[in-house]
Amino acid sequence: MLNGLNHITIAVNDVSRSFIFYSKTLGFTPKARWSRGAYLFLGNLWLCLSADSVDRREDYTHYAFSIRSEDFDVFVNHLKSSGVTEWKTNQSEGKSFYFLDPDGHKLEVHAGDLDSRLNACMQHPYENMQFF
């Protein structure tokens with residue numbers, strides 16, 4: 001039986017460039033690095049960067065990272081000063097900033113959690129929304 005998320009692997013064009021972005025810009029802790037990849041860690045998240053040809057997607061698939069509300073503005077200013085590209089404007093509950101990594105992977109920093117999202121949805125449900 002599944003018991004949780006194990007890791008996320010992201011294809012990257014340039015391991016060195018992405019390693020610097022995820023460790024220096026986003027604050028992941030490096031654990032290992034080799035010519036075609038790297039392992040990094042953040043909270044309980046194991047992230048693998050893997051050298052490959054990147055196929056940019058045009059859908060809403062993205063990866064969201066948690067941040068405390070009181071740290072949100074400072075961190076977003078740090079991202080903006082690092083030159084990240086914003087790909088979407090937040091229109092949902094909580095503070096969110098949507099940005100791209102160096103290979104165009106869609107990322108988000110979000111101050112909130114599933115409970116805060118569900119509470120907001122109970123007040124203003126999405127079309128045909130059911131709660132369990």
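The legends below describe several views of a predicted protein model.

Residues are numbered from 1 along each chain as its sequence is written, and side-chain values use heavy atoms, with hydrogens and water left out. Because the model is predicted, local features need pLDDT of at least 70 and side-chain atom pairs count only at pLDDT 80 or more, whereas totals for chains, interfaces and linings use all residues.

**Figure 1. The protein chain as a whole.**
The protein chain contains three helices and eight strands; helices (H or I, at least four residues) and strands (E, at least two) are DSSP runs, numbered from the N terminus. Starting at the N terminus, the elements follow the order β-α-β-β-β-β-α-β-β-β-α. The C-alpha trace spans about 50 × 40 × 30 Å along its principal axes. Of the 132 residues, 33% count as buried, where buried means under 20% relative accessible area, exposed over 50%, and partly exposed in between (1.4 Å probe, protein chains only). The predictor's confidence in each residue is given by pLDDT, from 0 to 100. Its mean over the protein chain is 93, and 100% of the residues reach 70 or more. Among the elements, α1 has the highest mean pLDDT (97) and helix α3 (residues 114-123) the lowest (91).

**Figure 2. Helix α1 and its two ends.**
Helix α1 covers residues 15-25, and its buried residues are Val-15, Ser-18, Phe-19, Phe-21, Tyr-22, Ser-23 and Thr-25. At the start of the helix, the backbone nitrogen of Ser-16 lies within 3.0 Å of a side-chain oxygen of Asp-14. Just after the helix, Gly-27 has a positive phi of about 90°.

**Figure 3. The sheet with β1 and β2 at its edges.**
Four strands form an open sheet in the order β1-β4-β3-β2, with mixed pairing; two strands pair if DSSP finds at least two bridges between them. Strands β1 and β2 (29-34) each have a single partner strand, so one side of each is left without a neighbour in the sheet. On average, neighbouring strands of this sheet are turned by 20° against each other, direction ignored. Strands β1 and β4 are paired in the parallel sense over five bridges, and Ala-11 stands opposite Ser-50 in β4. Helix α1 packs on this sheet, touching β1, β2, β3 and β4, and its direction makes about 170° with that of β2. Contact means heavy atoms within 4.5 Å. Axes are lines fitted to C-alpha atoms, for helices over the stretch in contact, and angles run from 0 to 180 degrees between N-to-C directions.

**Figure 4. The sheet with β5 and β6 at its edges.**
This open sheet of four strands has the order β5-β8-β7-β6, and its pairing is mixed. Because β5 (63-66) and β6 (86-88) stand at the edges, each with a single partner strand, one side of each lacks a neighbour in the sheet. From one strand to the next, the twist averages 35°. Six bridges join β7 and β8 in the antiparallel sense, and the bridge partner of Lys-95 is Ala-111 in β8. Helix α2 packs on the sheet, touching β7 and β8; the direction of α2 makes about 25° with that of β7.

**Figure 5. The largest nonpolar core.**
A nonpolar core is a set of buried Ala, Val, Leu, Ile, Met, Phe, Trp, Tyr and Cys residues joined through side-chain atoms within 4.5 Å. The largest one has 26 residues, of which Tyr-22, Leu-26, Phe-28, Phe-97, Phe-99 and Val-109 touch the most other members. At least two residues of this core come from each of β1 (8-12), α1, β3 (37-42), β4 (45-51), α2 (69-81), β7 (95-100) and β8 (106-111). Not counting residues up to four places away in sequence, the residues that Val-109 touches include Phe-65, Ile-67, Phe-72 and Phe-99.

Key. A polar contact is a pair of N or O atoms within 3.5 Å; within protein, one must be able to donate a hydrogen and the other to accept it, and residues adjacent in sequence count only if both atoms are side-chain atoms.
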